[in-house]
Each structure stands twice: as C-alpha cells, then as structure tokens.
Amino acid sequence: MGATAFAQGNNYVQDYTKYQNLALTPPMGWNSWNKFACNVDENMIKQMADAMVSTGMKDAGYTYINIDDCWHGDRDEQGFIHPDPTRFPNGMKALADYVHSKGLKLGIYSDAGSQTCGGRPGSRGYEFQDAQTYASWGIDYLKYDWCNTEGLKAEGAYKTITAALKKAGRPIVLSICEWGNDKPWDWGQNVGHLWRTTGDIYNCFDCIKDHGTWKAFGVMEILDKQEGLRQYAGPGHWNDPDMLEVGNGKLTPGEDRAHFTMWAMLAAPLIAGNDLRSMSKETIEVLTNKQVIAINQDRLGIQGFKVSADAGLEVWAKPLENGDWAIAFLNRSTEAKQINFDWATTKIYDDINKISPDFKSVYTIKNLWDKKDNGKATTKKAFTAQVPAHDIITLRLTPKK
Ligand code: GLA
C-alpha cells in the first residue's frame, strides 16, 4: 500500500518551520482584547492606527495593530472565512491597506480549535485555506488561540498553522497562545515567534481573578510565573507574559511604570491593550519611554533575571549590548522602600550567559524614569533612593570611557 502511495509521486513536502528573521526584537504593537473584548470594528481599528501615529507610539517603535477575537463572520460554501460584514463592511484587505499606508502592520486572530474563545469560527480543518486568506488580505501577524481544541496536541496543531503560513508565502509573525499549557518553550522556537507563558492577564497589580473554570492573573502573579523560562527567549522567539494593561484605568501611575518596565526587563512583547485615542499624558509617557523601550528592544535579546528579593523589594538585571546593564528596583510592597545599593559588594550574575557586570571598573548610571537625572551618578558610589510602594526605579549602566 505504502509503495503504491509513493508511486503516485506526490513531491510536496510540508515545511513546519516558521518564517525566519521576523521579530528579532520583541514585537511592539497594540491589541484590541484587553480594552474592547469582542467590540471590534473597522472604524475603531483605523482610529487606533491613526492614534498610534499621532501619539508618538509609532515613533517609539510600535508597529502592529492587532485585531483579537470576534472580527469573524461566516465561512462561505467553499469554506473561506469572511469578516463580519457589519463590523468590517469594507473587508480586511482594505483595512490592511489603510494600516499599511500609515507605515504600520496588521495582525489578526484565530484559534486552533473548531471555535475561537469567543465562539467564532476556528481554523481547525481550514488551516491552509485560512493562511492563504490572511496572506491575500495582507496580514502580518497571527495570534493563534487554543479554545475548543478537543483532542488536539499543541505542538502538532501549531506546526500545522506554521506550515500553512509558510505555504501561503507571506511572512507572518505567529503568536502561539496556548497559555503555557503544553510548555511551548520546549517546542515553539522553530514554530512561532512568541508564545504565551500563562493564562490571561487581569487588570490589577497584585491579585488573582477566579472565573470558575479558569483564572486570570494580576501583573505580579504573571511576573512570578516567568520563573525558569528566560533561557528559552531570544531573537525571533520570545516568552509572552500577555498584553499590557497600562492605561486601562485600574493601575496607579507607579504600577503602570512597574508593569511596563518589568515587561521591558523580561524582553516581553510590548503589546499595548488600552484605548490609544484617549490616553492621559501619564499613559503616553509610560508607553513611549524610549529609554525603557531600548532595554526591551536591545539586540542581544536576553531576558532579564531576578538578582534578589527582600521583603517585597526585588532587584532585577538585564544584560544589554556593548556591556551595558539595566537594573530595576521593583517595590511590590505597600510601603516605600529605601535602597542603598552598593555595587561593589552585590553579586549580579547571569548564569545562562555566564556574564557579570565588572564593578572593578566604573559605570555611569542613567535613571530612566527620572526626568531630573543629570547623568552624573556612577557606580563608584552606592546608589541610594526611595522606591514608592508599587513602583519601580530603573537604571541603565554604561561602562565609563
Ligand atoms: C483567550 C486569550 C486572550 C484573548 C481571548 C479572546 O482567552 O488568551 O488573550 O485572545 O481568548 O477570546
């Protein structure tokens, strides 16, 4: 039987590896879900693209405008998926053209199962057709979710959509979203460009939201779940601790800063999840802090690590290009904390890359959230400061010439 099949001479071989040279630094963009859930339509998406440009976010490095769940209409008789005709009357191609005309990229969402989490048509059984459709629309990024996947195995299901995207011939970033269930860090590196490591984020700094059959996690809870994963991140393949809640009204300015900075330290995708059309000055300042973004976008792509934790005060470090280091003092406690950080006596060691800052030589210190920083501090002296409750101080150390 096998011999007969071979004799028929099908030479097509599926390629289960992702597009290379995409997402060489963590993807930056915006996604509709955290703020709008199922309320998506083409006008809102276009306005978000406009706002990404007018607020300076594009200049700061944000590129992707990602439509999450619920854009879908029905499949036609041939199985092709169409957007909801009321919400997207001009279709996805026109929307992609608009987003591209702003110098941005368009992302879309589907699901490996029969239906999306929001009950819209999933891609199971239609993977190649859907990938071809997305490519014909000009889609640049696909978030691929994991609801209603009865009996499927994650690695195989994600390899199928990767093969389908490859076959469709358009470089599309693949965002694996199976919540870390099947350890995507073990098999995802050649399959997708980022993978969710946890369940959904919940819009609070330090709490867990129990939805009965599933839980959503506050910013600190998500942070703690990243432990042990840093070795899997690098250019083109990132741990994804979920989208940002910055500017969504539940976090204080200090908590927004801490959330944003920690995602930067983790080399996490920076996908804003707020309404870009109506941001406060504070929110814009957080989302467009170019020096913090530079830590995230550093070309080495090394995920940061925790140096120490003491009564709610954590010290984090991230090795950067040219011998620079980012150091963050995260205060998770509800009281202000005094830091008196003596560089010479503190051991900061990246045990994956086997590197340490060398405090026998001198580094200049730039305080990235302090507008009054005069750039004169160095590691010759201990660093002293007070970190308010639920806030962060973030430094960039540069070897002194
Ligand atoms: C899942 C994902 C979320 C979002 C919703 C959409 O919960 O983890 O990020 O995409 O589905 O229904």
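**Exercise 1. The Cys117 link**

Is Cys117 buried, partly exposed or exposed? Work it out on this predicted model, then describe the disulfide that Cys117 forms.

Solution. 
- Step 1. The relative accessibility of Cys117 is 38%. Buried requires under 20%, and exposed requires over 50%. Cys117 therefore counts as partly exposed.
- Step 2. The partner of Cys117 in the disulfide is Cys147, with an S to S distance of 2.1 Å.
- Step 3. The torsion about the S-S bond of this pair is about 95°, so the disulfide is right-handed.
- Step 4. Cys117 lies in the loop between strand 5 (105-111) and helix 6 (127-137), and Cys147 in the loop between strand 6 (141-145) and helix 7 (154-168), so the pair ties together parts that are 30 residues apart in sequence.
- Step 5. Check the other end. Cys147 has a relative accessible area of 18% and is buried.

**Exercise 2. The remaining cysteines**

Solution. 
- Step 1. Take Cys38 and Cys70. Their sulfur atoms are 1.8 Å apart, and they form a disulfide. Cys38 sits in the loop between helix 2 (33-36) and helix 3 (42-54), Cys70 in the loop between strand 2 and strand 3, so this bond ties together parts 32 residues apart in sequence.
- Step 2. Cys38 is partly exposed at 22% relative accessible area. Cys70 is buried at 0%.
- Step 3. Take Cys204 and Cys207. This disulfide has its sulfur atoms 2.0 Å apart. The torsion about the S-S bond is -110°, and the link is left-handed. Cys204 is buried, with a relative accessible area of 13%, whereas Cys207 is partly exposed, with 24%.
- Step 4. Number the bonded cysteines in sequence order.
- Step 5. Disulfide sulfurs must lie within 2.5 Å. Cys177 is buried, with a relative accessible area of 1%.

**Exercise 3. Positive phi**

Locate Cys70 and Trp179, and give the phi of Cys70 and the phi of Trp179.

Solution. 
- Step 1. Recall the background. Most residues other than glycine have a negative phi.
- Step 2. Cys70 is not a glycine, yet has a positive phi of about 85°. Cys70 is in the loop between strand 2 (64-66) and strand 3 (72-75).
- Step 3. Trp179 is also not a glycine, and its phi is positive, near 65°. Trp179 is in the loop between strand 7 (173-176) and helix 8 (184-187).
- Step 4. Cys70 is buried, at 0%. Trp179 is partly exposed, at 23%.

**Exercise 4. Strand 19**

Which strands pair with strand 19 over seven bridges and over five bridges? Decide whether strand 19 is enclosed.

Solution. 
- Step 1. Strand 15 (residues 325-331) is joined to strand 19 by seven bridges, antiparallel. Leu330 has Ile392 of strand 19 as its bridge partner.
- Step 2. Strand 17 (residues 363-367) pairs with strand 19 over five bridges, again antiparallel. Asn367 is partnered by Leu395 of strand 19.
- Step 3. Count burial. In strand 19 (residues 391-399), seven of the nine residues are buried, so the strand is largely enclosed by the rest of the structure.
- Step 4. Consult the record. An unreviewed UniProt entry lists residues 311-397 as "domain: Alpha galactosidase C-terminal". Over this range the chain is 0% helix and 41% strand. The end C-alpha atoms of residues 311-397 are 25 Å apart.

Key. Residues numbered from 1 in each chain as written. Predicted model: local features only at pLDDT ≥ 70, side-chain atom pairs only at ≥ 80, totals over all residues. Heavy atoms only, no water. Helix = DSSP H or I, 4+ residues; strand = E, 2+ residues; numbered from the N terminus. Buried < 20%, exposed > 50% of the residue type's maximum accessible area, 1.4 Å probe, protein only. Pairing = 2+ DSSP bridges. UniProt positions renumbered as here; feature names shortened; annotations may be inferred.
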